[in-house]
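Subject: The structure, plus notes

Hi,

Here is the structure I promised to hand over. Have a look at it first, and then read on for what turned up.

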Amino acid sequence: MALVPSLSTSLSGMKTAQAQLDIISRNVANVDTEGYTRKVAQQNNMVRAGYSMGVAMGEIGRKVDEGLLKSYLSSNAQTNNYSAKNDYLSKIEVSLGTPQGDNSISANVANLQSAFETFATDITSSASRYNLLNQAQTFTNRLNSISAEIQGLRGDADLKIAADVEKINELLDSLSNLNDEIVKYDILRYEGKADLLDQRDTALRELSGLIDISYFKRENGAIVVQTGNGITLLDSDPHKLSHTALTQASPTITYAGGGINGIYVDGKDITSFIKDGEIKGLIEVRDVILPSLQSQLDELGGTMMNEINKIHNHGTAYPDTPDILTGNRVFIQDGDTYPQGIKIEEGDVRFTIFGADGKQIATATLVGDIGFQQGSVSDMAAKIKAWLNDENGANLPQADVSINEDGRLVINTGDSDCGFSIIDTASSTPGAEQKDVVLSFDAGNNNLYSQQYEGFSSFFGLNNMFVDDSINDIYDSKVVSLNANLGVTEMTIWSFADEYSGFGLGTLTISPNDSIADIADKINKDQVLSQSLRASLVPNGNGYMLRIENLNGYQMEITETQGNDLINRLGMAPSNVEIAQTIAVRNDIATNPGMIVGGAPEFNQSTGKYVMSPAANNIANEMGETFVASHNFKQSGTVAQTQATLASYASTFVGNIASQASNAENSLAYQQELTTSIATKEAKISGVDLDEELGQMIIFQQTYAACAQAFTASKEILDMLLNIV
């Protein structure tokens, strides 16, 4: 009866060889299929009652190195992180231009400097005025456009985060379904489990490109997926992510300030726990890289605007001397008046009315002649108006001085032939040296003149060359460590006011040893203040800024009614945020460059009167020189606090972006090479090798042929025996 086992053995050998050839054909057919791994199957001997019954196919498995797979997932996450940053840095680098390029923002600053210098040498030339206007508008428009692009890119990054979150959720669903199928196939011993494992690995690879992940296997073959920080994304069920994208980005909208939604899992914000993947790169672009550049643009625009405006306010345009001056500073109203007060500490302010011929019609000093040295802004406006209307003063009955509905000081002579000039002088004496007055400001209407400024016209912003649409609704501190001791040695009280609630908005008590984190926490938890204010800690370079924002966008004042000058020591001041987005040349100057100030009124000793000279260029020279001088720039993102010229500061952050872009590109190239190297090693182990498959195919073809011959021979012998019988 040995022939029967022989037949069984031969037949099983043929079936096994045929099954192995099927596996080989599948391997060859999928040689270029992404994610496919080489399939192999063991052969098991079958023994019954001590007799060999041939061979049987074992479970079809894969040749996979789990360690390499995990290395790939980690490397792939980092590659996509760098890729996202490189993509956005490349775009913004093109917008900024190269540090030495003619199209860079630093070149725009240099061109503006050259225009001011040309204007100073030929003050009466219309061409030089129009050239200056053109370069000034080119510079402001460039700041506006770059700022708009930055915010557009931030919005795009946030939309991409939302899209990635949706993709992650789809992959988690897919992985969950594959887990269930793999467990079922394993229990029921279905064929195709290896293909399901391939699909699961492919999903893991795709998921790792979006967010950093790790995984481990349970005994039943299912996997648990977590973020690199151990936050579970998939166990028995998916733990899906959620993120609501921005509708529109702006410089004031930040994740730290609550304006940008976090990425949530099971109700927990995991944004700060994401360490790699495309989402991490997008978060860094949205919250660090682009806001850093925005703050540098704001710092450049704010410093340039303040320095030029301060000088521009020293003089008066001629022959187009303005008959209407509108201030830029917004005051807070209380009832029908504006009670915030000013006090002239040093010097005096001279007002002069000039005719179209540049000759003096009337002149008076604010302190010496008009009789105002200290009082509310409303009182000051009333006294200036009285002098303008008085027949013994300027004799301009149609003139008006008031605070308009926007809270800004407006001086109107009421006669287009009568221009209004403001200069600061060391004393009330006619012909006294021109020198900035020192004035104190009672911002909180509490008789505490705690804020000091230089320059009357500059303080009110009455003759600015550059303007912006922002108001003081956001205050920022200087950059400090998160939990730094602020040196508060006594109880300190801050008082808040805004144009809606007036001077009763609320107060904040700051205790000794409070940090900026404590201050922010107290504001946000105060039942009164939190209705109108929001405090946040904004990352900036190697530290944080304390940002206090009026939720309604109202003009706001913060004063210290008790304490040891913590406001000044913290550097709490109106923020430059959004200046780059809104800075512009003043409308009437943009329409008529003849209103650009070239010089200041000159005192004629022989006549005892002031006169405007068309050739006066002292103010134009000062404005040109401000581009040569070094200015203090606060820390802004990756650029530390520094002293530099306007052009060199612009070159610094342009170069910084170029350096970041280069580093991102190099890091991406290295990481891509590393990821490719890991993938290549994986392919050598788990990929299909046609030569190897061909060798195996020959072996199993020969095996099949040998088994077939043995089967045929055994059958012929059995047939012969049966015939004999």
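The lining of the second largest pocket is made up of 13 charged, 7 polar and 8 nonpolar residues. The pocket itself holds about 560 Å³ of space. Its lining counts 28 residues, and E34, G35, Y36, R205 and S686 are the closest to the centre. Helix α14 has the largest share, with 6 residues.

Do keep in mind that this is a predicted model. The mean pLDDT of the protein is 91, and 96% of the residues reach 70 or more. Confidence is lowest in strand β2 (residues 51–62), with a mean of 68, and highest in strand β15 (residues 409–412), at 98.

Now the aromatic rings. The whole structure has 15 aromatic pairs. One of them is F331 with F459, a tilted pair with 6.3 Å from centre to centre and 55° between the planes. These two come from distant parts of the chain, 128 residues apart: F331 is in the loop between β9 (324–326) and β10 (341–346), while F459 belongs to helix α8 (residues 456–460). Both F331 and F459 are buried.

Compare that with Y500 and Y554. Their ring centres are 5.4 Å apart and the planes are at 10°, which is under the 30 degrees cut-off, so this pair counts as stacked. Y500 is exposed, because its relative accessible area of 64% is over 50%. Y554 is partly exposed, with a relative accessible area of 26%.

Which residues do ring pairs link into a cluster? They are F331, F351, F420, F441, Y453, F456, F459 and F460. F441 also has a charge over its ring: the charged end of R329 sits there, 5.6 Å from the ring centre. Elsewhere, K70 has its charged end over the ring of Y215, 5.0 Å from the centre.

A few backbone details to check on screen:

- The peptide bond from Y318 to P319 is cis, with omega near 15°. You will find P319 in the loop between α6 (278–312) and β9.
- N445 is not a glycine, yet its phi is positive, at about 55°. N445 is in the loop between β17 (438–442) and β18 (451–454), and it is partly exposed, with a relative accessible area of 32%.
- E578, also not a glycine, has a positive phi of about 85°. E578 is in the loop between β26 (573–574) and α11 (579–582) and counts as partly exposed at 22% relative accessibility.

Last one: K240, in the loop between β5 (232–234) and β6 (241–242). How far apart are K240 and D173 in sequence and in space? They are 67 residues apart in sequence, and 8.7 Å apart in space from C-alpha to C-alpha. K240 is partly exposed, at 40% relative accessibility.

Cheers

Definitions and conventions:
Residues are numbered from 1 along each chain as its sequence is written. This is a predicted model: local features need pLDDT of at least 70, side-chain atom pairs count only at pLDDT 80 or more; totals for chains, interfaces and linings use all residues. Side-chain values use heavy atoms; hydrogens and water are left out. pLDDT is the predictor's confidence in each residue, from 0 to 100. Helices (H or I, at least four residues) and strands (E, at least two) are DSSP runs, numbered from the N terminus. On a 1 Å grid over the protein atoms alone, a cavity is a set of points where a 1.4 Å probe fits but cannot get out, and a pocket is an open set with protein on both sides within 12 Å along at least five of seven lines; lining residues have an atom within 4 Å of a point. Grid points are joined across faces, edges and corners, and a volume is the space filled by probe spheres set on the points. Ala, Val, Leu, Ile, Met, Phe, Trp, Tyr, Cys and Pro count as nonpolar, Asp, Glu, Lys and Arg as charged, and the others, Gly among them, as polar. Rings of Phe, Tyr and Trp (its six-membered ring) pair if their centres lie within 6.5 Å; planes under 30 degrees apart count as stacked, over 60 as edge-to-face and the rest as tilted. Buried means under 20% relative accessible area, exposed over 50%, partly exposed in between (1.4 Å probe, protein chains only). A charge sits over a ring if NZ of Lys or CZ of Arg is within 6 Å of the ring centre and within 35 degrees of the ring normal.
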